[in-house]
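The account runs from the chain arrangement down to individual residues.

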Amino acid sequence: MLVKDYMTKHPLMGQPTMSVVEAQRFMGENKIRHLPIVGKGKRLLGLVTRQTLLVHPAKLGSLNVWEITRFLSNLTVGDVMVKAKDVISVDKNATIEEAARIMVENKIGCLPVLEDGIVIGIITEIDLLAQLMEMMATRLPGVRVTVRMPNVSGELAKLVSAISAQGWGILACGGVPSPHDPAKWDAVVKIRDAPREAVVAALEKVEGQQIVDVREV
Amino acid sequence: MVKFIIRRLGFMLLTMFIVSIAIFAISEIAPGNIARNILGPFATPEQEASFLAQLGLDQPLHIRYITWLVGSDWRAERLIGMPLRRIKKPDTEFYEWWAVEPDGTLVRWKLDGEDLIALRLQPDGTVQESLDNERWQTDEAGISTFWGVDTHNRAVMWEKGGGQTYWMRAKAAGWWVEQPGGAREYIPLQKGLLRGDPGESVKTGRPVGDALLRRLQNSILLAAIAFVIVMPLALVLGLLAGLNEGKALDRILSVGGLATTATPNFATGIFLILIFAVWLKWLPGATVFASERAAFENPKMLILPVMTLTLIELGYVLRITRASMVEVMNASYIRTAFLKGLPYWRIVFKHAIRNALMAPITVIMLHVNWLMGGIVVVEAIFGFPGLGRYLLDAALYKDVFAIEAGAMVMVMLAVGTQLVADIIYTFLNPRIRYA
Amino acid sequence: MRVDFEQITDMDYRIKTPILKVENLAISYETRKGDVPAVRDVSFEIRRGETHGIVGESGCGKSTVAFSIVNFLGRNGRIVGGSILFQGQELRGRGEEELRRLRGDQIAMVYQDPMSALNPSLRIGDQLSEVLIVHRNLSKKAAYEKCIDMLKRVYMPDPEAVMLRYPHQLSGGQQQRVVIAMALLNNPALLIMDEPTTALDVTVEAAVLDLIDELRREFDTAIMYISHNLGVIARVSDLVGVMYAGEMVERAAVEEVFLNPLHPYTQGLMRCVPKLGLSKESSYLYPIRGRVPSPAELPPGCIFEPRCDYARPQCQQAHPELREVAPGHFARCHFAEEIAAQKWQPPQDLIPDLAALAARKPEVAEPILRLQQVKTYYEQERKSLASLLGLGQARYVKAVDDVSLEVPRGCTLGVVGESGCGKSTLAKTIVGLEPLTDGRVEFMGFDISVPVSKRDLSLIKELQMVFQNPDSTMNPSFSVGYQIGRPLRRFRGVPRHQVRDEVIRLLEAVKLDASYYDRLPRQLSGGEKQRVGIARAFAARPNLVLCDEPVSSLDVSVQAAVLNLLLEIQQKYGTTMLFIAHDLSVVRFFSDFVAVMYLGKICEIGPAEAIYAPPYHPYTEALLSAVPIPDPSADQKRIRLSGTVPSALHPPSGCRFHTRCPRKIGEICEREIPPCQHVTAEHRIYCHIPLEELRRIEPVVTVK
Amino acid sequence: MAVSEKVMPSISARPSFWLRLRDALAPLLASKVALVGLALVLFWVLVAIFAPFLTPYSPREQDADAMNLGPSAGHPLGTDHLGRDLWSRLVYGSRLILVLAPLSVLCSLAVGTTLGLLAGYFGGLIDEVVMRLLDAMMAFPAVLLYLIIIAAVGASATNVVIAITIAGAPGIARLVRSLTMDIRTRDYIAAAQLRGESPFYIMWVEILPNARGPIIVDAMLRVGYAVFAIGTLGFLGLGLPPPAPDWGSMVCAGRRYIWSNPWAVLWPSLAISSLVVGLNLFADGLREETMRYQ
């Protein structure tokens, strides 16, 4: 689960000489929210997001209508972009959770992926959410069970062995600290080819764990 | 690669061998012509025979070829029974052949009537004459013979007592005498071409080798200056024309190059003389060599000859280079280079030029033959005392030995240049280098 | 913990913006006769990580499209209409400098003939690294390291040493790997490949195709793959566009195009190619009639109308648009739906005499040609001085080494193998164009082990040849009539005044009319020249005809016609044939018996059906698994040979195939010449592996 | 191809002579350079043909009263040191050179083609021997070869032709040899061998006609060289013996009077240059165009 495998390779990119208007049109046409700005040899020069393209009103305050028009048409992406030194990026060999952490901590929606200063891809919040979706095997049918278990090692193994004892397959499995009880974990498993009742019956027998939620999806 | 070069060297030797036979055969196949050419149409058959004998031209063809190539002294030594030595006559450019006596004295002979006279060279340079009749060897028939060296650098078999008279041509005087004793057989002494002695000029009697060397230096000077001017100029213009294939610059350079190459050398020379010497009067129209160093003392007179040579070669090299450049620029790997996104000049300098110059170098070097033809003509136009002029004079006078030697030198130069070209080519072309 | 993630389907959620979007592209070439439209109205798009195949016969404009994308159309080519969007930005009208920066960095190209694509006088390392040095300003050292990494990724053995070599020191397959590595160095978004494997042998081609596929997955590169070979296109592409005479006539997913073609041209193409797994009794090739129109004189309506079986008056007037006939399936035909609905019937003049074909199955007759331990060696040109003087040992290229075989009367023996395996030399030895080094060739009971110049005219007459290259098969200085008439006069003593009639009869036999009598070869197309070549060979009424790759340089539609013609004539005259080809499908279609050759030796020989089914010789197996099959649904085992074919100057000891054999059993293969194992009386395999084991091998190709 | 496709079926006979001539001339007319060359050459050819009608004087007629004159009404180009009319000498000189040059080229073509075909077709020892001999001949600078030959056999029209033949044949032989070696590998040669044709039939009927293109272009260039060579020999004093109005000899003779009468050297120099350049331009244009058509 490394960034290089889940990033978007060959992202659309822009040049610093592009006008802001052109960049807005380009991003709109292609339905993208982030545009890495590169120079010769795909070297990262900056990053443009939809916000950066919205010109700060303070800059326009003193200008009249015609001056604004001229100002806007002369404004290039190079003028407004977040400069490369301020762009937070990620290495292609980072894990995706590392990428998620960076994005969460900085409250940003995308990370250019660099190799020797050269843009080789881009990873956005959508990419990460997609992976969350995939990790939970969202698109496959099965029984999704949330089990609350003590924060003790061996608990997940108990759950898994109970499932495998029935000969069922696990489509997805994950766990987070329970939002309701600091001493507990909420684990989610998605089981394939198993009737809901049988699953409930089997998992209820696991000691010290309780089923919080069961649904067939 | 070493193998390749050795192979080329082998071929070169083989070629030179065939060339030497060819030159020899063409020049000497009809010795009668030579005699008539020199003696004029009114010589008697006896005189002609004697002339041929004295020059050794009465010998069978293969003996003459061997003599010419590797000399005759070793053959004469066996007949005379003494070692022979060639020394340079002090203060002249002539050589003399002497026999060496066991005590180291140099000796040769002359026939005075029926008396054999030995001439011994003294350490102080004077010559001591003494009667030497005991050397005659007489057979049963009473004919006495003796093999010795005469004063004209020939091994001679003298003979007397046969009751015959002998024709002698006194070279300096040009008239013929009859004598009771005389020379029956001659072997003109020479070391042979391979040992650096191509013989004496029939016209002047001077050794061909030395004259040739001096003339060669002059010619090389001329050719070298022209070469230094032509090569960079022609290559650059050729590359430019090739890069601009089909555009005006290319058209002008190509057609101009064709015209200058095609115009006969002598016409080019004449045009230049007419323009710069006759009408503009800027430059001398001929070269005058008052001294050995004339070319350096008055370099202005070299300008027109060099210019003529330059014009002769320029167009050819230019066109070859252009054609090669055009071909290379259309090659697949140049397309690759473009598609790699390399800048134009990087493609030209790094990818194209090296490949484009590979072909011309061999072709240009092969063209040295053409240049040599040009040199002959240029030297003739401007009266420049070089190898070409020497050859031309020899040809006009039918001076066989001079022609033969000069021709061999010229061909050797041509073939040698081609060998150098081959070697350069192998260095430039990795396909051969790493074959 | 046992977690079971099996069968998670790959459904990509990402919006795939097309990397390349070509719309209504039109390209013209300026010529003396005015502008000639080479490409018209071509549209397609390629997404990230997708391979878009473009297939078409020679001269249909596929390469022109490729070069237009990098704006490298030569001096007289010009884009006259449409747009090319790369990464969402228009490429047309961009400055040269901007395009230069894209080339080699974001767009890379690999094309045919790797040898000429590399600069002969620069080291591989310099040629690779300059891409990085120019586009990324890397230092030479850093660039070199990256290049070595990339060479490793394309499975180049000993990359450090390769960096220091010159192109001529690498084999064809290695050169193509270098070119591919060079293209990928900058991780381009778009890779254009123009016939990248056409110059390679089939086993090498298979390996390169595998490599391309692997790299595409790894780099997520969009690939535009151009080829004339339907099999290769079927193997590599996700989407396929079919081009005809400068237009794209059909575009759809690969399965759709191959299994459910909608355009009559595509359908015609599919019926032209012999498919592996079909023999000549069970299939017949249906050539497309006519020939591709020249770009200067296109028909006014549908460009395919003159050759179309479904043509109607409307087709002559209205030019059809490329329209979406089924979801994702575009075709340029007015009546695509109608055609798709009805079942194809071969037109009257093409209906073969299937019954006759089936009945022709020859009873095994006595052999007409018998080769016993035939050897043909060429003396290596000696270049050292020593050898010039007659010293040193002569070295021999063992082109054909110890070949024994028999051809029964009236049958066809196909000989297959990769280039350099000696199959052509074998044919030339039999007809006497190459002197025999050792062994014996017997024909109709006569010993013909002497060169042709020493043979009796009546024997020469019985052995004729059909040649490979249509451009050199005919003497350009003489008319068709003269060239066919000459053998008539020499061999059959046809009187002068009857020659013309006789030649015209022969021309009609090869489906050419009398007007061809006075034509010169340059007025004929490739297929027509090949027909004349066939007529010339059969003019002598020979007993044995050797066909040396007679169709390999022809386009598929023409190829089918020539193959059919050969079959028909053979049937008519009852001629025995030796059919040489590198294409296993064609040989299978054409031959009764097949011999597989490798490095001058026969590996396996037997009836055609037996060769294509287990037990196989390991080389036959590898060949079969490498053949690109124009059928995306066919299942093919994946066996790849390592290395390259060794030089015939120093063939490997023991079994010649041991250096590359995936089933090598041990030292015995290196030491001993493999024994002949008889599967049946006619089917022989030369291999150390016991027959029982070979029998257990599963079939390589299974067609659903 | 497509054009011929349309035209051909309507013509049942073998492509007529005129059609083929048109085909052959088409590339020529397309090249301006070749046209200029052709014009120059044609000018001299016409002058040579109509020589008697163009000249008021005989080329050998001397006039002691009119020596070394510049152009005037009586003598449009002036006179030489013996008072001979330069124009008349030029005109008759063109006859001489336009006969000798093609003749010598034809001779070297005959010799060179035969040697080249033999060496190229048979290969092996024959090839090796012929090539070594040719290499040796090619090692000679041409002018040198002329010098040696003329020195040995004397200056005369026949000897000049012989010398040029000897000097030119090796080049043609090499060209024909390489063409032969290339054509020999074509399939139609194999087809001829499979008809049991004799080597001589194959060489002269199957191979030679297909080598004609390059040979013709080469021969054109060689006519230029031959004119060049004849002029040079004349200039060097090795050409045709004196009274003959040989252009080179005229320059040679006039060289001595260049200061007093530049016209006597200018006109013949110009004449020979224009003819050689014309021939070269023509041959070169022809080559370029034929190459483009391939």
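Chain A and chain D have no contact with each other, and their closest C-alpha atoms lie 40 Å apart in this predicted model. Chain A does not touch chain B either; there the nearest C-alpha atoms are 11 Å apart. Four pairs of chains are in contact, and among these pairs chains B and D share the most contacts.

**The interface of chains B and D**

On the side of chain D, 45 residues take part, in contact with 52 residues of chain B. The residues of chain D that lose the most area to chain B are D:R132, D:F228 and D:W259, which together make up 14% of what that side buries. The two chains bury about 4,000 Å² between them, and 80% of this area is on carbon and sulfur atoms. How many salt bridges are counted between chain D and chain B? The count is one. The salt bridge pairs D:D284 with B:R319, with 2.6 Å between the closest N and O atoms.

Leaving aside residues up to four places away in sequence, B:G257 touches B:I252, B:G315 and B:R319. B:G257 is part of helix α7 of chain B, which spans residues 248-262. Its relative accessibility is 4%, and B:G257 therefore counts as buried, the cut-off being under 20%.

**Chain D as a whole**

Chain D contains 13 helices and zero strands. Of its 294 residues, 55% are buried. Among contacts in chain D with a separation of 6 or more, 70% are between residues 24 or more positions apart.

**Helix α11 of chain B**

Is helix α11 of chain B, residues 332-339, largely enclosed or left open? Seven of its eight residues are buried, so the helix is largely enclosed by the rest of the structure. The buried residues are B:S332, B:Y333, B:I334, B:T336, B:A337, B:F338 and B:L339. Their cover includes elements of both chain B and chain C. From chain B come α10 (303-329) and α12 (344-366). From chain C, the cover includes α1 (62-69), β6 (107-111), α3 (114-117) and α7 (172-184). Just after the helix, B:G341 has a positive phi of about 80 degrees.

**Strand pairing in chains A and C**

In chain A, three strands make an open sheet with antiparallel pairing, in the order β2-β3-β4. β2 (34-38) and β4 (82-83) stand at the edges with a single partner strand each, so one side of each has no neighbour in the sheet. Strand β3 (residues 44-49) of chain A is joined to β4(A) by two bridges.

In chain C, strand β4 (residues 77-86) takes part in two antiparallel pairings. One is with strand β1 (residues 18-31) of chain C, over eight bridges. The other is with strand β5 (residues 89-90) of chain C, over two bridges. In the hairpin of β4(C) and β5(C), two residues lie between the strands, and C:Q87 has a positive phi near 50 degrees.

| Strand pair | Bridges | Facing residues |
|---|---|---|
| β1(C) and β4(C) | eight, antiparallel | C:A26 and C:G81 |
| β4(C) and β5(C) | two, antiparallel | C:F86 and C:Q89 |
| β3(A) and β4(A) | two, antiparallel | A:L47 and A:V82 |

**Confidence in chain A**

The mean pLDDT of chain A is 86, with 96% of its residues at 70 or more. Where in chain A is confidence lowest? The lowest mean, 63, belongs to helix α4 (residues 57-60) of chain A, and the highest, 92, to helix α7 (residues 96-106) of chain A. Where pLDDT is low, the predicted coordinates should not be read in detail.

Terms used: Residues are numbered from 1 along each chain as its sequence is written. Chains are lettered from A and ligands numbered from 1 in the order in which they are written. This is a predicted model: local features need pLDDT of at least 70, side-chain atom pairs count only at pLDDT 80 or more; totals for chains, interfaces and linings use all residues. Side-chain values use heavy atoms; hydrogens and water are left out. Two strands pair if DSSP finds at least two bridges between them. Helices (H or I, at least four residues) and strands (E, at least two) are DSSP runs, numbered from the N terminus. Buried means under 20% relative accessible area, exposed over 50%, partly exposed in between (1.4 Å probe, protein chains only). Contact means heavy atoms within 4.5 Å. pLDDT is the predictor's confidence in each residue, from 0 to 100. Buried area is the accessible area (1.4 Å probe) that two parts lose on being put together, summed over both. A salt bridge is a side-chain nitrogen of Lys or Arg within 4 Å of a carboxyl oxygen of Asp or Glu.
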